[in-house]
Amino acid sequence: MNIVNLEKEAIEFIKESCNFDETVVMFSGGKDSLVAMDLAKKAGLNHAVYINSELEYTISRHYVEKMKKYYFIEDLKPENDFFEFCNLLSPPSKRLKWCCNVLKLVTSMKYSIKNKKYYHITGIRGDESLRRSKYDKITSDPLLFANPRYHFFEVNPVFDWSEKDIWRYIRHNNLKFNPLYRYIDRVGCWCCPFSTKNEWDLARELEPEGFQKFKKILNVYSVSNVTAEYRRKYIKNGWRSYAFKYLKFPVIKMHNVSNHYTLKGDNIHLHKLENLLFILASNYSINNNELTFTLEMNLQNQQIRLLLEKCLNCVGCGVCTVLCPVNALYLDDSKTINVNKDLCVGCLACCKQIDSKLKMGCIARNYKKERLSIVF
Ligand code: SF4
Ligand code: SF4
Ligand code: SF4
């Protein structure tokens, strides 16, 4: 199809698919989302957000600043610090891809819930990867499907476009594209585990400070987590595909007779459970290393464990707070998950098994190497 017809079709699609009051463009600084943002503007929506994390290339940041002359782009700053989470969890890898959730997803979801932006226009294209080819022109975010109140839609107007179509559109409309494309084909985060060798070499050159900081983290991590023989390889390249075998430390034993529960363990661990225990029971007691409560709803032991283990392992990322339909989940002063008793309506969205991007609803449960656990 010629580019003019592709454009017409995409603009019609945006108009038909979105309620503009509830829509925002997710601009990444890349060419695909640039085209999506331009199409949205032509359709009548000039509002984009850019997640400005410390993983963006400086060149990309400057480019986005310049683009604010042509489009209304809001910067969103992630609350979580990438380097801090590398220490709390592990440096990310293809198999330990926590950074998308901890830096990007939670930032965009919190913004969207607060500003009632349920439609996200993206530059996702089907031919980018096998995983993306399984998406559709409109997809629903599976994580937010666990939230009974909010449903988010990714609207992908260039889903069927080829890379060639994207460049044709950019040339045809004389759009300014990210100068990083002069060096690399993909302008994502500079320390992405999915980066190629060329991209990694470029990161060393263009982001020397961050690069050295990250290298130091890889070094320190490898000393206590990687075998001596593998260490050099891990620091050079191996971190990208690294996966650990997580270690489970049972610290609490739980048993029940009907809906009466007893949990035995160290008082320090039992008191941590108080943060979310209210969701399960309005009354409980802790005496002599024993916690007792009467369950007030129909939940399986596995679900109770899921909820209470969050209190034991929380690393304070805030990702699971977006599961709550009434905003009752929050991080307290010690950066641990907690619940506002006045807001909680007992819907149990935070206890149920959640598949897809955030299995079982907790970053720590998915990505922490040493996990404290409850056995029954
Ligand atoms: S693009 Fe790569 S580095 Fe950036 S958040 Fe996603 S996985 Fe992590
Ligand atoms: S049970 Fe309470 S805290 Fe959990 S998701 Fe429902 S309202 Fe939120
Ligand atoms: S409970 Fe898990 S997902 Fe929620 S803030 Fe803590 S670590 Fe993050």
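Start by selecting the shell around ligand 3: its residues divide into nine nonpolar, two polar and one charged. Here Ala, Val, Leu, Ile, Met, Phe, Trp, Tyr, Cys and Pro count as nonpolar, Asp, Glu, Lys and Arg as charged, and the others, Gly among them, as polar. Show K310, C314, V315, G316, C317, G318, V319, C320, I337, C362, I363 and A364, which surround ligand 3; a residue is near a molecule if its C-beta atom, placed from the backbone, lies within 6 Å of it.

Keep in mind that this is a predicted model, in which local features need pLDDT of at least 70, side-chain atom pairs count only at pLDDT 80 or more, and totals for chains, interfaces and linings use all residues. Residues are numbered from 1 along each chain as its sequence is written, while chains are lettered from A and ligands numbered from 1 in the order in which they are written.

Next, move to ligand 2, with 14 residues around it. The closest are C324, C344, C347, A349 and C350. By class, this shell has 13 nonpolar residues, one polar and no charged.

Now colour the chain by domain: domain 1 (3-182), domain 2 (197-241) and domain 3 (247-375), with bounds from an automatic or database domain assignment. The C-alpha centres of domain 1 and domain 2 are 28 Å apart. Where they meet, 12 residues of domain 1 are in contact (C-beta atoms, placed from the backbone, within 7 Å) with 10 residues of domain 2. On the domain 1 side, pick out α3 (58-67) and α4 (82-88), the elements that give two or more residues; helices are DSSP runs (H or I, at least four residues), numbered from the N terminus. The largest share, three residues, comes from α4. Coloured by class, this side of domain 1 has five nonpolar, four polar and three charged residues.

Key
Two residues are in contact if their C-beta atoms, placed from the backbone, lie within 7 Å.
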